[in-house]
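Open the model in your viewer and keep the selection tool at hand. The stops below say what to select next and what is there.

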Amino acid sequence: MDPKEASGPEKEKEKEKEKGIKRRNRPVFLRYLERRKTDSIVADDMAKGDINLGTLVRRSQSDKTEYSTKLKERMTPHELSSTSSPTPPDPEEVRTRKMSRRAKVIQELVQTEKDYFTDLELCIREVVKPLRGLQVVDVDRLFSNMETVSEVSAALLQRLQEATAEPDPDTIIIGEVFIQAKATLEDIYKIYCYHHDDANSLLKSYEKEEELKQHFIKCVLALK
């Protein structure tokens, strides 16, 4: 049969066949470049309620370029902010803040020692001495060396107050006071701590006796 006399469907088949032959005969690298122009991704139909993982759509090369550009735009401000260094603080301002904190710490330290010494003196005056005069309890065993602790606390407080009396904050050397008092503090508190458990047990035994308990209550009321 003459190709010119062939029917319409047969002509279409011949054309498709010729196209296929031409594509197969094209150089391999051209066919590879043609495939690289687009990429395939899975269409997300979940928003429509139709989850079809087999549906594929085509993303053009221009879409990929646009996406890459937008990504760079979003990343650029972050990179600039991360590389920019903050303004260094003023050295004088930093020093002022540190000296202010140091002054507050020293003030609290001295006030704490002052309050502690006041409590010791109050306990000795209103509890230890009255009980010693009554001779109803073993005061030395119950209060150990509290009176010696009070004397050492008074001396430490005086030296702290003298050290902080300097008008220039830079000349206040508070650590030297504790270094010089270190040995004395260790000696008196070793004795006090060693007898603490024994004194606590003795106090509990005294509280079981009603008469002695009333003496303690009277001393506590005097403290208040």
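Axes here are lines fitted to C-alpha atoms, for helices over the stretch in contact, and angles run from 0 to 180 degrees between N-to-C directions. Helices (H or I, at least four residues) are DSSP runs, numbered from the N terminus. This is a predicted model, in which local features need pLDDT of at least 70, side-chain atom pairs count only at pLDDT 80 or more, and totals for chains, interfaces and linings use all residues. Residues are numbered from 1 along each chain as its sequence is written, and side-chain values use heavy atoms, with hydrogens and water left out.

**Stop 1: two helices**

Select residues 196-207, which are helix 8, and residues 210-223, which are helix 9. Their axes come within 7 Å and cross at roughly 110°. Helix 8 is therefore roughly perpendicular to helix 9 (the word covers angles of 65 to 115 degrees).

Leu203, Tyr206 and Glu207 of helix 8 meet Leu212, Lys213 and Phe216 of helix 9. By class, this contact has four nonpolar, no polar and two charged residues. Ala, Val, Leu, Ile, Met, Phe, Trp, Tyr, Cys and Pro count as nonpolar, Asp, Glu, Lys and Arg as charged, and the others, Gly among them, as polar.

**Stop 2: a ring pair**

Rings of Phe, Tyr and Trp (its six-membered ring) pair if their centres lie within 6.5 Å; planes under 30 degrees apart count as stacked, over 60 as edge-to-face and the rest as tilted. The count by this rule is one aromatic pair. Select Tyr206 and Phe216: the pair is tilted, with 6.3 Å centre to centre and 40° between the planes. Tyr206 lies in helix 8 and Phe216 in helix 9, so the pair ties together parts that are ten residues apart in sequence.

**Stop 3: the largest pocket**

A pocket is an open set of points on a 1 Å grid over the protein atoms alone, with protein on both sides within 12 Å along at least five of seven lines; lining residues have an atom within 4 Å of a point. Grid points are joined across faces, edges and corners, and a volume is the space filled by probe spheres (1.4 Å probe) set on the points. The largest pocket holds about 340 Å³ of space. Select Leu142, Phe143, Met146, Ala199 and Leu203, the closest to its centre of the 16 lining residues. Helix 4, helix 5, helix 8 and helix 9 each give two or more residues to this lining.

Technical notes. Parallel < 35°, antiparallel > 145°, perpendicular 65-115°, else oblique. Contact = heavy atoms within 4.5 Å.
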